[in-house]
Amino acid sequence: MRPPDSQDSQDSQGSAGSAGSAGSAGSQDFTDPRDVTDSQGSAGSGSRRSLGREFNLLWGGQTVSLLGDRITVFVVPTLMIFALGASPFEVGLVAMAQYLGIPLLGPIAGVLVDRWDQRLTLVMCDLVRLAAVLLIPVAYWSGVLSTPVLFTSVALISGATIFFNVGYLVAVPAAVPQEGLVGAYSRLEGSRTVSEVAGPSVAAGLYHALGVASLLVDAATYLVSAVCFRSMRPWGNRTVQHGSVMSRLSLGFKLNWADPVLRRVIVAAVTLNSGGPVFVTVLPVLAYQGLGVSVGVFGAVMSAAAVGAVIGAVVAPRIAGRLGLGRTMAWALLLHCLAGVGVLAAPALPPALVIGVTIGCYGFFMSCINVCSAPIRQSRMAADNQGVTHAAFRTVTWGVIPLAAFLGGLGVTLLTGDLGVLNATRTVMVAGTLLAALSFLPALGLQPLLDRAGRQAEPQPSGSTA
């Protein structure tokens, strides 16, 4: 199970997405010059021309892998509820495991990845995740599948994903120059959202036909991703080999907090990820146990709802081009969270319709967040410290997700006795999404900071003084 991206974007996310991020620009020009992001926070429309072989390998591998991930994200809670009879508390516990590696491994991952061959790191992370996914069907067929086994498998995937994300965020700007990042992230976000459209229906169909064996498909997609990365030219080999581990860790946190733009993004992301994972964790419990939705209907509804996320990925660069990246991100954060209140309309209205419309709006605005966040952060990072800067950001902003997911499942369990599972899930989900909506407040100040930085970067007229 991968954090909903934040997506990156997770990164998602979750996801409960956290906003994605990027490293510094690479030296090779693969990009249409019409794909533009600048320090003023404006975005170009984004060409659909090819960005070159390196980006296409990265994009293709991740598109396949993301589709496979949707299978695991869908199948694991479904398997727990129907095959293991798990409680909301156990569902929340395993959901917590998918983010557990972030606070435990996040700080050191950036330091280590900076010192490693980053392409090889991504290949090895894919192979570790392949093995961890295979553990679930093997345990099931051996008659030993349980919540602790699922927790272990998901935690292993989480740990490998931490190292993968740091290297991956450096890989994108290594294949695409600065002026092409908005277009590149828009395409990657489009792949993520397309996987969300096809993924749930495919997952539901595979689960119906194959049961736990459907996870073999996700395992195979990790192999495809590993082959694509192995086929790319090397990049970012051991970019930092000086300084102690502790000094590098400290530097990553200082760089994020010292920059006023990154600081606001961090506060907004922490607030978003304090409430958003509650909503996402409890959603399957609401659908299956609260509203009595079947696996097939839930998969079809989630696929239909993901169309909203696809539309968001397509139109976000255009919206940001008119409003600015910072302003677009701020309003998308607010509207993304308020959309979650829509679950209150069920069961007065048909549950499938309510879930579809709510998650459709939820996904549309999350795509806007992810497309805007990456270039905002990219414009504020130095190339020689990008690994530790990414890792520190992920550690702080995603570190709250395990606790939020755990508390979501625990809250439903505690309230079910008095309210019943339907009202308990709705209460917890609305509380989580209203908390996340406060992320709008720190994000409001992003656009003025980006505008000011843009004006300072403009060349001074001849004969003028600074």
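Tutor: Let us begin with axes, which are lines fitted to C-alpha atoms, for helices over the stretch in contact, with angles running from 0 to 180 degrees between N-to-C directions. The model is predicted, so local features need pLDDT of at least 70 and side-chain atom pairs count only at pLDDT 80 or more, while totals for chains, interfaces and linings use all residues. Residues are numbered from 1 along each chain as its sequence is written, and side-chain values use heavy atoms, with hydrogens and water left out.

Student: What makes α11 roughly parallel to α12?

Tutor: The axes of helix α11 (residues 295-305) and helix α12 (residues 307-323) cross at roughly 20 degrees and come within 4 Å. Angles under 35 degrees count as roughly parallel, over 145 as roughly antiparallel, 65 to 115 as roughly perpendicular and the rest as oblique, and therefore α11 is called roughly parallel to α12.

Student: Which residues make the contact of α11 and α12?

Tutor: Contact means heavy atoms within 4.5 Å, and here Ser303, Ala304 and Ala305 of α11 meet Val307, Gly308 and Ala309 of α12.

Student: Why is valine 197 called partly exposed?

Tutor: Buried means under 20% relative accessible area, exposed over 50%, and partly exposed in between (1.4 Å probe, protein chains only). Valine 197 has a relative accessible area of 24%, so the residue counts as partly exposed. Valine 197 sits in helix α7 (residues 181-210), and, leaving aside neighbours within four places in sequence, is in contact with Ser303, Ala306, Val307 and Val310.

Student: Why do cysteine 228 and cysteine 372 count as buried?

Tutor: Cysteine 228 counts as buried because its relative accessibility is 16%, and cysteine 372 is buried because its relative accessible area is 0%.

Student: How do you know that cysteine 372 is in no disulfide?

Tutor: A disulfide is a pair of cysteine sulfur atoms within 2.5 Å, and a search of the whole structure finds zero disulfides. For cysteine 372, the nearest cysteine sulfur, that of cysteine 368, is 6.5 Å away.

Student: How do you know that the span of helix α2 agrees with what it should be?

Tutor: The expected span of a helix is 1.5 Å times one less than its number of residues, a helix being a DSSP run (H or I, at least four residues), numbered from the N terminus. The 30 residues of helix α2 (residues 53-82) should therefore span 44 Å, and the end C-alpha atoms of α2 are 44 Å apart, which agrees. Helix α2 is also mostly covered, with 21 of its 30 residues buried.

How values were computed: Helix = DSSP H or I, 4+ residues; strand = E, 2+ residues; numbered from the N terminus.
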